[in-house]
Amino acid sequence: MPISAAAIPALLFITLSYVALCAVSPFGNCRKCRGFGFALTTDRKGRPKRGRHCRRCDGTGIRIRVGRHLWNVWTRTHRAGTRPAPNRTDRSAP
């Protein structure tokens with residue numbers, strides 16, 4: 001059995017699993033602050049303390065997943081492209 005025959009179902013499974021994850025949980029932990037919303041630093045005694053506010057997630061600790069972002073962009077584009085034309089009436093005509 002060639003490798004491509006085994007790779008196709010594996011890639012399909014991984015893709016469908018990621019789609020399901022994006023549908024169930026559209027937000028994930030921020031990669032920079034690991035979901036805390038701030039950087040952890042240590043004081044002089046070595047104890048952890050709250051550091052600076054995370055700029056990437058604006059202190060929320062969450063980010064939108066790439067797959068969910070792509071889905072949102074696609075649906076927004078689709079909605080804008082299939083929206084019915086507004087009814088325009090010519091007001092200058094009697």
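Predicted model: local features only at pLDDT ≥ 70, side-chain atom pairs only at ≥ 80, totals over all residues.
Rolling a probe the size of a water molecule over the atoms shows where empty space is left. In this structure, the largest pocket holds about 170 Å³ of space. Its lining consists of Thr15, Tyr18, Val19, Cys22, Ala23, Gly67, Arg68 and Trp71. Two helices, α1 (3-24) and α2 (66-82), each supply at least two residues of this lining. The greatest contribution comes from α1, with five residues.

Attention now turns to the aromatic rings. The structure contains two aromatic pairs. One of them joins phenylalanine 36 and phenylalanine 38, whose ring centres lie 5.9 Å apart, with 35 degrees between the planes. Phenylalanine 36 is partly exposed, with a relative accessibility of 44%, whereas phenylalanine 38 is buried, at 15%.

Tryptophan 71 and tryptophan 74 also form an aromatic pair, with 5.6 Å from centre to centre and 35 degrees between the planes, and this pair is likewise tilted. Both tryptophans belong to helix α2, where they stand three residues apart, about one turn of the helix. Tryptophan 71 has a relative accessibility of 48% and therefore counts as partly exposed. Tryptophan 74 has a relative accessible area of 51%, so it counts as exposed, since the exposed class begins over 50%. Trp71 links the two topics: this residue lines the largest pocket and takes part in an aromatic pair.

How values were computed:
Residues numbered from 1 in each chain as written. Heavy atoms only, no water. 1 Å grid on protein atoms, 1.4 Å probe; cavity = no way out; pocket = protein on both sides within 12 Å on 5 of 7 lines; lining within 4 Å. Points joined across faces, edges and corners; volume = space filled by probe spheres on them. Helix = DSSP H or I, 4+ residues; strand = E, 2+ residues; numbered from the N terminus. Phe/Tyr/Trp six-rings, centres within 6.5 Å; stacked < 30°, edge-to-face > 60°. Buried < 20%, exposed > 50% of the residue type's maximum accessible area, 1.4 Å probe, protein only.
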